[in-house]
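Visitor: I am new to this structure. Please show me how to read its features, one at a time.

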Amino acid sequence: MRRVLVRLLQRRFLSAEKHPADWTVLLDNQQVIESRLHDLFVRLVVDADRGLAYKQQVRGYEADETAETAVSDIPVLLRDEAYTRAETLVLVCLRSVWQRESTAGEPSARVDVEEVEQTVLTYFTESDGDLARRQKAVRRALERLRHEGIVEEETEGRYLISPLIEIVLSAQKLRELADWLSAQTAQAGELQ
């Protein structure tokens, strides 16, 4: 059980598909693991339907605590690093592909780097540098997302999108970002 707790702290998520033994230990000891994480101001989220478990930093105070231990007094254990613009654009693209494939009834979603580039590059402007620089930003974004487990490179340039994409970018957030990106692109087009 301690090993599973450590793995949860080390990784962004735990997958039932990739780590079936750890998943079983997690489910068998879920209350104890949740309690230990809670002591660290970390909340465990187990999504049995997707076969994913991940952690969230507790922000604010819980019902069993007082207002004196409000947000500023809670130590932050988890690194909360914002995504860059290119990474956000790639996430929007991946989430759109995931949604399209899921709606079509496909059990998994795959995407080629060329499709990601073709989609994401439409949101870049001339001020973002030349084509090679923009493509490099997209590929760096894909590499970070691969490192985080959101995509897995099956063959060179071909990625399997993890169900984690639904957690990282909800359908509602996807719509909000897509609307915002369309407005930004239209505004940039008017300025040129």
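Visitor: Is phenylalanine 41 buried, partly exposed or exposed?

Guide: First, the ground rules. This is a predicted model, where local features need pLDDT of at least 70, side-chain atom pairs count only at pLDDT 80 or more, and totals for chains, interfaces and linings use all residues. Residues are numbered from 1 along each chain as its sequence is written, and side-chain values use heavy atoms, with hydrogens and water left out. Now the term: buried means under 20% relative accessible area, exposed over 50%, and partly exposed in between (1.4 Å probe, protein chains only). Phenylalanine 41 has a relative accessible area of 22%, so it is partly exposed.

Visitor: Where is phenylalanine 41 found?

Guide: Helices (H or I, at least four residues) and strands (E, at least two) are DSSP runs, numbered from the N terminus. Phenylalanine 41 lies in the loop between helix H3 (30-39) and strand E2 (42-47). Its phi is near 65°, a positive value in a residue other than glycine.

Visitor: How many helices and strands does the chain have?

Guide: The chain has 8 helices and 6 strands. Of its 192 residues, 36% are buried.

Visitor: Which residues of H6 are buried?

Guide: Start with the general idea. An α-helix has 3.6 residues a turn, so residues three or four places apart point the same way. In H6, the buried residues are Arg134, Ala137, Val138, Ala141, Leu142, Arg144 and Leu145. Seen down the axis of H6, they fall within an arc of 160°, so they line one face of the helix. That arc is taken from the directions from the helix axis to the C-beta atoms. On the other side of H6, Ala132, Arg133, Lys136, Arg140 and His147 are exposed.

Visitor: What covers the buried residues of H6?

Guide: Look for contacts, meaning heavy atoms within 4.5 Å. The cover includes helix H4 (85-103), helix H5 (113-120), E5 and E6.

Visitor: How many bridges join E5 to E6?

Guide: Two strands pair if DSSP finds at least two bridges between them. Here 4 bridges join E5 (residues 151-155) to E6 (residues 158-161), and the strands run antiparallel. Glutamate 153 has tyrosine 159 in E6 as its bridge partner. E5 and E6 form a hairpin with 2 residues between them, and glycine 157 in the turn has a positive phi of about 85°.
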